Amino acid sequence: MIDGHAWTAGSMIEALVIGVTGHRNLALDEVAGIRERVRGLFVDLRAAFPGLPLTLVSALAAGGDQLAAEEALALDMQLVAPLPLPHALYAGDFVDAESRARFERLRLRASVIELPLLDEESFGASASAHEARDWHYAQAGIYIASHCHLLLAIWDGRQTGLLGGTAQIVRYQLSGQKPRLLERRRRQAGYSPLGGDNERFVFHVVCSRAVDDGTPLPPLQPLQTYWRSIERTTPGDSGIPDELKAMLNRISQFNHDATRYTGPIGAYIASKAQQRGLRIEQLGPIARRFAAADWLALHFQRRVTVAMRALYTIAALMGIAFVLYEQLSQSSMIFVFLLLFASGFLVDRMARWRSWHRKYLDYRALAEGLRVQSFWHRAGLSVTGDAEFAHDNFLQKQDVELGWIRNIMRSAGLDASRHPFRSPTDDLEHVIREWVGAPGDCGQLDYYERSLLSRTRTHRQTERIGTVALIGGICICVFLAVFVFTLPVDTRNELVALMATLSIVAAVREAYAYRKADKELIKQYRFMRRIFSTARQALDRAEDEDEQREILRALGEAALAEHAEWTLMHRERPLEHGRP
């Protein structure tokens, strides 16, 4: 028991989140076929990824939204309903009693999220009530697409340009192009056209609409299915795209690791809650995910450190064994050399097979992204601000293989909206103290101060070892030059072996420091200390909470950019046996 509540792996399991957008006026003779294809998609995803429970995100509008929601509930999937308008206003948009009754039934079985109303200034005082509603539908569609791993589109394929329509949401999902209003409101979020963001997918079920000339866009035919991404389109029966499969497999691996280490992760999360004076259930979903990812990152970091030290120690000993074999004619050293090589090979194979280095970097990147997302959420920078869309740019330009991290951040933002409980420490004062802090006290300022000192000491030790080896080698050379004709051959060989050993030790230590990126990290820590110090001063000078939130927003963006650089730097320095 932890704080009176049992911690279970189920508390941390990531879901496969499917958003849905669809026409309201589906052709009646196609409804059964559409249901079959939607149900088939859900069944196929469940079979392919048994470690990922399925969640559907639907606005519960008439037509495609309600159809997909009914099929999801029939398969015991979780249903989340972001409503574009408050319940009373939204219910009035259903034109017939049947669709309204279905909406009410589905709403009672869903986790409802009431999205905030846009202010009149956003879309203009002259806008009609109909236009205002369209802006809210667009906001809901963008919200669904921004928080799902896969978008299900029940769509005729026609580009209508209607605000908040299915075509516009599909376009946003694939290209990142938002309606003018939402683009202005979230100008820092969204996709970069050069980012190579290829982890956003649409499963397209082609349909007709119950209107004049409501047939699909030629050459599309009703009830055809397609997998769509920004780069390619493939038939729906060709199997799940490899990129999507790889991304979901990484999320499944995160679930597997979280389940495997349930006990220590639970204790770690409890300690995080205790530091804030809270019970574990008072931590928000983003904070809990952060703590789990942080524990996993620390766990695999320790394994990487042990493996790296073993490999570099083995490399040094191999060099020394070879020198002894060559200079001192110690024949047995060749067997020691081969034994050391085999040992290093086994350590390298184990580290690669279990993906320690990749998991360490991936989970650290995930933890840092969730750290910023959690602090933003606690500071009130969520739902109506950019914070919930931080994932769209995080690591996009640096490494497209890390799309699964962005998708976990998407689902974390969704869960935070579903569970809007705010703990006693969810305010600006606590966030500033815990996140920014002060040197020698707490927060990132203290972390960067301590880390800078530690890395600087380590770098100086490396330089001292190199200096000692250099001076020792020069002294031995001078000594050999002076007494070259008087020293016995064995003594000369022993001195040469000692000189070579010193050089090996210095070289291996320098290579170890390079692999750890000590010099680069010292510069990075110094830079981030200055960023957080400047932020601390700006926060202290701020005249109101809105100004403080803007400072925290900018600070979070700087922290995400810094960690993207850190991730890229370390991914270029993998563990490799035989290449110190």
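In the predicted model described here, Glu550 and Arg553 form a salt bridge in which the closest N and O atoms are 3.1 Å apart, a salt bridge being a side-chain nitrogen of Lys or Arg within 4 Å of a carboxyl oxygen of Asp or Glu. Because Glu550 and Arg553 are three residues apart in helix α19 (residues 545-571), about one helical turn separates them; helices (H or I, at least four residues) and strands (E, at least two) are DSSP runs, numbered from the N terminus. Glu550 is partly exposed, with a relative accessible area of 44%, whereas Arg553, at 15%, counts as buried, where buried means under 20% relative accessible area, exposed over 50%, and partly exposed in between (1.4 Å probe, protein chains only).

Residues are numbered from 1 along each chain as its sequence is written. As the model is predicted, local features need pLDDT of at least 70 and side-chain atom pairs count only at pLDDT 80 or more, while totals for chains, interfaces and linings use all residues, and side-chain values use heavy atoms, with hydrogens and water left out.

The salt-bridge rule gives a count of 27. One of these pairs is Arg102 with Glu70, whose closest N and O atoms are 2.9 Å apart; since Arg102 lies in helix α4 and Glu70 in helix α2, the pair ties together parts that are 32 residues apart in sequence. Arg102 is buried, with a relative accessible area of 18%, and Glu70 is partly exposed, at 22%. A further salt bridge joins the side chains of Arg232 and Glu231 at 3.7 Å, N to O, and Arg232 is partly exposed, with a relative accessible area of 40%.

Two loop residues were also examined. Val211 is placed in the loop between β6 (201-206) and β7 (225-228) and, at 42% relative accessibility, counts as partly exposed; its C-alpha atom is separated by 7.7 Å from that of Asn25, although the two residues are 186 residues apart along the chain. Glu281 is in the loop between α10 (262-275) and α11 (285-327), and at 30% relative accessibility Glu281 too counts as partly exposed.

Helix α16 (residues 443-482) contains Ile474, which is partly exposed, with a relative accessible area of 46%.
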